[in-house]
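Visitor: I would like to learn how to read a few features of a model. Please take them one at a time.

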Amino acid sequence: MSQKHEVPSAGGDRPDLQADCGNCFGLCCVALPFAASADFAVDKPAGKPCANLQEDFGCGIHARLRDKGFSGCTVFDCFGAGQKVSQVTFGGTDWRSAPGTARQMFDVFPVMRQLHELLWYLNEALTLPPARPLHKDLRRALGETERLTRGSADALAEVDVAAVRQDVNALLLRTGELVRATVPGRKKNHRGADLIGARLRGADLRGANLRGACLIAADLKGADLRAADLIGVDFRDADLSGADLTGSIFLTQAQLNAAKGDAATKLPPALSRPAHWK
């Protein structure tokens, strides 16, 4: 989370969709709850600062998060929502110097994070040539979502995020269909599938629909995931060593950070190889 935390973030040529913890008030370390688990060493309720959060909003164990049992922090990506709330919505006034803003700031952060995630997907969709017939609708959705992110704290609190996601998702689904259609032959459909621990080593998953699939601890060594729709896939502890993810769509840095991989894993150009990979 913060330290100014240097987890690689999705965003391509959109720096505003990349986490800039130096301009954030440690919102992910305060606003969000977490429970003692394999991802977090302790319980923390929403709205309570993590014990590792320092006065300058940096993380006191940033370099040792995984060793200290906080691997969940190294996976999280706010898509730039933290600095947007801190510097734009609240004009650079932090919750410590103005305690009266704290509750609203913490409530708004998860809303902004979801809107920024949608902005990431919409921006990617607009770079995909097969989705050109949808570009007008995608640009409209992008503009409307951008407008919501620039609203006041009160306006953001009233946003029906579920409705926004539903509208955007319809466009992203059609985008995925157009991209996957460029792969000849029959494509695999594992949308929403439970593939925990699945043995998919070397699998041909080109153009597959994996939207929302659970691939926790799956063996995907050497798998071909080109042009696969990976939106919402749970890759926690999945082994992507040697897998080919070039051309896959709607893959995020957070998904990669949660997975395992190696130097042979081929990644889309907008994403970075996680530091903890072999």
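Predicted model: local features only at pLDDT ≥ 70, side-chain atom pairs only at ≥ 80, totals over all residues.

Visitor: How many residues of helix 2 are buried?

Guide: Buried means under 20% relative accessible area, exposed over 50%, and partly exposed in between, with a 1.4 Å probe and protein chains only. Helix 2 (residues 81–89) has 7 of its 9 residues buried, among them Gln 83, Lys 84 and Val 85. The buried residues pack against helix 3 (102–125), helix 4 and helix 5 (153–157); contact means heavy atoms within 4.5 Å.

Visitor: How are two packed helices described?

Guide: By the angle between their axes and the distance between the axes. Axes are lines fitted to C-alpha atoms, for helices over the stretch in contact, and angles run from 0 to 180 degrees between N-to-C directions. For helix 3 and helix 4, the axes come within 10 Å and cross at roughly 155 degrees. The two are therefore roughly antiparallel, a term for angles over 145 degrees; under 35 is roughly parallel, 65 to 115 roughly perpendicular, and the rest oblique.

Visitor: Which residue classes make up the contact of helix 3 with helix 4?

Guide: That contact has 10 nonpolar, 5 polar and 1 charged residues. Ala, Val, Leu, Ile, Met, Phe, Trp, Tyr, Cys and Pro count as nonpolar, Asp, Glu, Lys and Arg as charged, and the others, Gly among them, as polar.

Visitor: At what angle do helix 4 and helix 6 cross?

Guide: The axes of helix 4 (residues 135–149) and helix 6 cross at roughly 150 degrees and come within 11 Å. This pair is therefore roughly antiparallel as well. Residues that meet include Asp 137 and Leu 138 in helix 4 and Val 164 and Arg 174 in helix 6. By class, the residues of this contact are 6 nonpolar, 2 polar and 3 charged.

Visitor: Is Ser 248 buried or exposed?

Guide: Ser 248 is buried, at a relative accessible area of 6%. Its place is the loop between helix 6 (161–180) and helix 7 (253–258).

Key
Residues numbered from 1 in each chain as written. Heavy atoms only, no water. Helix = DSSP H or I, 4+ residues; strand = E, 2+ residues; numbered from the N terminus.
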